[in-house]
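Open the model in your viewer and keep the selection tool ready.

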Amino acid sequence: MLRTREERSRIPRERPDGTRYYRPMDAFSDPQAVERYAAGPPRLVPGFADLHRMATILLSTHVPEDARLLVLGAGGGLELKAFAQAHPGWTFDGVDPSAEMLRLAERMLGDLASRARLHEGYIHDAPEGPFDGACSLLTLHFIEKEERLRTLQQVRRRLKPGAPFVAAHFSVSREERTYWFDRYVDFAVSSGIAEEQARRGRAAIEANVPILSPEEDEELLYAAGFSDVRLFYAAFTFRGWVARA
Ligand SMILES: C[S@@+](CC[C@H](N)C(=O)[O-])C[C@H]1O[C@@H](n2cnc3c(N)ncnc32)[C@H](O)[C@@H]1O
């Protein structure tokens, strides 16, 4: 029987020892997990609200008031909402493979939803643009290195020359991983998450998310054709950059 992408991603995978697991990405197609999604990042990502403010400022430094922006990994709608509220003239194309997360984005945007076109899929499913700017928050870490490079190239191709691109995600070197993921757990616990749950989350991320080092992330941005790559955000396990197409 043919299954939709959503149905396929809800099937548990089996390890060689017979135990079952769900990939972290599966959370984005589980309706109950998605329902709880919006409460997660502010408790897990240090400075999450200010990350949105910084991304808004970095984009607005280089784009006009009637900018057309591309948001990769737009599911949930949190940054779309922050951008739309801050700049009434901006319009958006948001891309995300999770239909559930896009539905949440629509609910999150409410009256602002008319300014965002949401596309279920990957970067190839995004309109050609050209866009005045682009953003990808807490998303690129899910993409394997080679595919990440192709994705970044496709983002750049859709941008006007010199347009800003803002990205932030897990980025930590192998040597420092244990130290900073210990702090990730500490931060979650200090936000009120049970320690056992925080530890399970950390283990799933470390086992399944293809995290690169900050140096590799920067190299990929340059390799994709971006220039002026600048670090603007460093928070325990997370890093963020602004670059120009
Ligand atoms: C942690 S959520 C972040 C959502 C939102 N950007 C935020 O900051 O709240 C990661 C999102 O990336 C999406 N995603 C995963 N792989 C993707 C890909 N290759 N291209 C675009 N989005 C992807 C997931 O479906 C999910 O909605």
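Start with the shell around the ligand. By class, this shell has 13 nonpolar, 5 polar and 2 charged residues. Here Ala, Val, Leu, Ile, Met, Phe, Trp, Tyr, Cys and Pro count as nonpolar, Asp, Glu, Lys and Arg as charged, and the others, Gly among them, as polar. This is a predicted model: local features need pLDDT of at least 70, side-chain atom pairs count only at pLDDT 80 or more, and totals for chains, interfaces and linings use all residues. Residues are numbered from 1 along each chain as its sequence is written.

Now select Gly73, Gly75, Ser98, Met101 and Leu137. Of the 20 residues around the ligand, these come nearest. A residue is near if its C-beta atom, placed from the backbone, lies within 6 Å of the molecule. Helix 5 (78-86) and strand 4 (91-96) each give two or more residues to the shell. Helices (H or I, at least four residues) and strands (E, at least two) are DSSP runs, numbered from the N terminus.

Next, select helix 6, residues 99-109. Which of its residues are buried? They are Glu100, Met101, Leu102, Leu104, Ala105 and Leu109. Buried means that 20 or more other C-beta atoms, placed from the backbone, lie within 10 Å of the residue's own. Their cover includes helix 2 (31-36), helix 5, strand 4 and strand 5 (116-120). Step just past helix 6: Gly110 has a positive phi of about 55°.

Last, select Arg148, Leu149 and Leu152 in helix 7. They meet Leu220, Leu221 and Ala223 in helix 10, in contact when C-beta atoms, placed from the backbone, lie within 7 Å. This contact has 5 nonpolar, no polar and 1 charged residues.

Notes. Two residues are in contact if their C-beta atoms, placed from the backbone, lie within 7 Å. A residue is buried if 20 or more other C-beta atoms lie within 10 Å of its own, exposed if 12 or fewer, and partly exposed in between; C-beta atoms are placed from the backbone.
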